[in-house]
Amino acid sequence: MEKIILGKPIEVNEEGYMTNFSQWNKEIGEELAKEAHIPLSSRHWQVINYIQDEYKKEVPLSIRKIGKSGVVDIKEFYSLFPTAPLKTATKIAGIPKPASCI
Amino acid sequence: MSTTNGEINKMMIILSKATLENVYAAFVLANGARSEGIEAEIFFTFFGLEAVQKNKNEKLHVATVGNPAMHIPTMIGGLPGMEAAATYIMKKEMEKVDMPEIPEFLDILKCSGVKMWACKLAVDMFHLKREDLVDEVDDIITVGDFYTKAKGEGVHMLFI
C-alpha cells in the first residue's frame with residue numbers, strides 16, 4: 001500500500017505502519033505524530049531515536065525493554081504516548097509494530 | 001451489553017489461583033491489554049491473593065500434580081522437590097522470552113496503569129492486612145465494588 005505524506009508516496013501496511021524505513025525522515029515522523037494527535041517534544045524524540053536505534057540493531061522491542069533502557073521509564077512512556085505507547089511510538093518512528101506479548 | 005461494535009475497551013480480570021502459569025496468564029493479558037490501549041483491572045481473590053502478598057509472590061510454583069500437560073506421572077509430580085524443579089526450568093525459559101519475575105511484572109503493570117484490587121472476603125478469610133499486600137495493590141474492595149468498576153461499554157470480564 002502507499003500513502004501520500006507531505007506530497008510523497010510512502011509505503012505503508014494496512015495498519016499504517018511504514019514498511020520501508022529508508023523513506024522515513026523527521027518531517028514524516030512529525031506528520032505521523034500529528035495523525036496520532038501527539039505533539040512531539042524533545043523527550044518524544046529521545047524515545048523515538050532510541051527505538052529506531054534498537055530496530056537498526058535488530059533488537060526486538062517490548063515495554064519491559066523500554067523500561068530498562070535508561071532513556072524513559074514505563075510510566076513516562078505511557079504519558080508521552082498515551083494509549084498503546086509502543087504501537088504509537090513505533091508507528092511515528094517508521095518501524096514495524098513490535099510482535100511482543102509482554 | 002457491548003455497543004462498541006465488538007471493540008474491547010476494558011478487561012476486568014479475576015485471578016483466583018496462585019499457580020505460576022495462571023498468574024502469568026492474568027498478567028500477560030492485563031499488560032497486553034494496556035499496550036493495545038485497552039484498560040485493564042485485576043481482582044485478586046482466594047489463592048490469587050498470593051500473587052500480591054509480600055514474601056509469597058516470589059515463591060509461586062507451577063503445578064506438577066493434576067496437570068497432564070507436564071507429561072510426567074502424577075505420582076512422580078508429587079515427589080518432594082518436583083514443583084521446585086519444574087518451576088526452576090520454567091522460569092529459565094520465561095526469562096528467555098523476556099518474561100519478568102512476578103514482583104517486577106507487578107511494577108510494570110502498575111506503571112502501565114493497570115488497576116489492582118484485593119478481594120475483601122478473601123483478605124478477611126486468610127486473616128491478611130493491607131500491609132501484607134504489595135504496594136501495587138490499589139485497595140481492598142468487595143465484589144460489588146468490582147462490578148461497579150466494570151460498568152461501561154465494551155467491558156469484558158475474565159475468570160482465571
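What share of the contacts in chain A with a separation of 6 or more is accounted for by residues 24 or more positions apart? In this predicted model, such residues account for 49% of those contacts.

The elements that make up chain A are five helices and two strands. Read from the N terminus, they follow the order β-β-α-α-α-α-α. The C-alpha atoms of chain A occupy a box of roughly 35 × 25 × 20 Å along the principal axes. A compact globule of 102 residues would have a radius of gyration near 13 Å, and the 13 Å of chain A agrees with this. Of the 102 residues in chain A, 43% are buried. Chain A exposes about 5300 Å², and 53% of that area comes from carbon and sulfur atoms. Chain A carries 14 positive and 13 negative charges, whose mean positions are 7 Å apart.

Chain B is built from six helices and five strands. From its N terminus, the order is β-α-β-α-α-α-β-α-β-α-β. Its radius of gyration is 17 Å, close to the 15 Å given by the globule rule for 160 residues, so chain B is as compact as a globular protein of that length. Along the principal axes, its C-alpha atoms fill a box of roughly 50 × 35 × 25 Å. Buried residues make up 43% of the 160 in chain B. When contacts in chain B between residues at least 6 apart in sequence are taken, 71% of them join residues at least 24 apart.

One position in chain B can be followed in detail. B:S16 sits in the loop between β1 (10-15) and α1 (20-35). Is B:S16 buried or exposed? Its relative accessible area is 12%, and a residue counts as buried under 20%, so B:S16 is buried. Apart from its neighbours within four places in sequence, B:S16 touches B:T45, B:F46, B:F47 and B:G48, together with B:F159 and B:I160.

The two chains also meet each other. At their interface, 16 residues of chain B contact 14 residues of chain A. Between them the chains bury about 1300 Å², of which 54% lies on carbon and sulfur atoms. Which three residues supply more of the area that chain B buries against chain A than any other three? They are B:S35, B:D98 and B:C111, which supply 36% of that area.

Conventions
Residues numbered from 1 in each chain as written. Chains lettered and ligands numbered in written order. Predicted model: local features only at pLDDT ≥ 70, side-chain atom pairs only at ≥ 80, totals over all residues. Heavy atoms only, no water. Helix = DSSP H or I, 4+ residues; strand = E, 2+ residues; numbered from the N terminus. Rg over C-alpha atoms; globule rule 2.2 N^0.38 Å. Buried < 20%, exposed > 50% of the residue type's maximum accessible area, 1.4 Å probe, protein only. Contact = heavy atoms within 4.5 Å. Buried area = accessible area lost by both parts, 1.4 Å probe. Areas by Shrake-Rupley, 256 points an atom, 1.4 Å probe, with all protein chains shown as cover. Lys, Arg positive; Asp, Glu negative; His and termini not counted. Charge placed at Lys NZ, Arg CZ, Asp CG, Glu CD.
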